[in-house]
Amino acid sequence: MNNIDEKIIDNLNLGIIVLDEELNVVKWNNWMENLTGNKKDSVINKKLTSLYPLFEKNIYKQFIFNALNNGQKMFCSAALHPVFFPPTNNKNKIQQNLHIEPFSYDDKTFVLLQVFDATHHRKKLSYLQSSLKEMASFKEKAKLDGLTKLPNRGYFLEQLENIIKNYNYKETDYETKKLTLLFIDLDSFKEINDSIGHVYGDNLLKTVAKRIKSVIKETDLSARYGGDEFVILLKNIGSLKEITSVANRILGVVEEPIKLSGQEIYFSISLSIGVALYPTDSDSLEKLIEKADKAMYEAKRLGGNRCVFYSDIKEN
């Protein structure tokens, strides 16, 4: 190796180590000196395994023998492997990627070890992973209503639209493939909210949301539609009797006394529920919601605390 080659290798911004077939160090550049504090004279012609016992481990020794005997290259990422060459002090502490590959010179085989500073790359990777996690969290939060933690109106409508788009209605399996939309509104919530204050009113809404969710299936979709309005999509309901049963369970569980914010303030509240079926009452998203909403107002008109099917309303 001539002087120019030596100077180039010594000025590279990475560690260069060359081993002979006996694993003796025959080249050790300045970068390695600065990292480890071991001068060239102290490591040349010494076995790498005696200088750095980590290379006595079968896995790393095998990597080097595979390079020497089989011409195999190997890349050891800092994410999966320990620090191969401990630094001389904390100032030089870096994460290290190691690339191992063989080469021939004068009919002899050597192993070239290249040590890369992976610290910056790992920091960037860590930042990227953290950003992706944060984005996923924001995305998840964007689906939820901040107060009740139920899905919000936007997410519900998006899901309902997709479900309707993919709904494969056939006359023959209608009885087992109904989609049922329940539009729910709390009776006299405004008066209650005005009398107990908005903080208690918010707690009341949170409790109602929890109770509604507790009596429907996990596969059904519930959401806060806005204000004191909730919506539920029941999937694959088999009969009107079954729908009525679910609605009655919701009316019953919400009607039980509610203790607000740990205070000795109990309320009983009732709901009005309107029901519309897809595709019998409507075959479009907008009309389905409109008809469930209309049935809900009919339930209110009749005194509240009940469920009304759109199909039972006589259109004017």
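I paired rings of Phe, Tyr and Trp (its six-membered ring) if their centres lie within 6.5 Å, with planes under 30 degrees apart counted as stacked, over 60 as edge-to-face and the rest as tilted. By this rule I count 10 aromatic pairs.

I note that this is a predicted model, in which local features need pLDDT of at least 70 and side-chain atom pairs count only at pLDDT 80 or more, while totals for chains, interfaces and linings use all residues. Residues are numbered from 1 along each chain as its sequence is written, and side-chain values use heavy atoms, with hydrogens and water left out.

Entry on F103 and F110. I found their ring centres 5.5 Å apart and their planes at 20 degrees, so the pair is stacked. For burial I used relative accessible area: buried is under 20%, exposed over 50%, and partly exposed in between (1.4 Å probe, protein chains only). F103 is partly exposed at 32%, whereas F110, at 13%, is buried.

Entry on F183 and Y225. The ring centres of F183 and Y225 are 5.2 Å apart and the planes are at 70 degrees, so I recorded the pair as edge-to-face. F183 lies in strand 6 and Y225 in strand 7 (residues 221-226), 42 residues apart, and the pair thus links distant parts of the chain. Helices (H or I, at least four residues) and strands (E, at least two) are DSSP runs, numbered from the N terminus. Both F183 and Y225 are buried. I also found R153 over the face of Y225, at 4.2 Å from the ring centre; the rule asks for NZ of Lys or CZ of Arg within 6 Å of the ring centre and within 35 degrees of the ring normal.

Entry on the cores. I took a nonpolar core as a set of buried Ala, Val, Leu, Ile, Met, Phe, Trp, Tyr and Cys residues joined through side-chain atoms within 4.5 Å. The largest has 34 residues, and F230, I250, I269 and I273 make the most contacts inside it. Among the elements that each supply at least two residues of this core are strand 6 (178-186), strand 8 (229-237) and helix 10 (240-255). Helix 10 gives the most, with seven residues. I recorded a second, separate core of 27 residues, which includes W28, I64, I94 and L98.

Entry on I4. I located I4 in helix 1 (residues 3-11), and I4 is exposed, with a relative accessible area of 59%.
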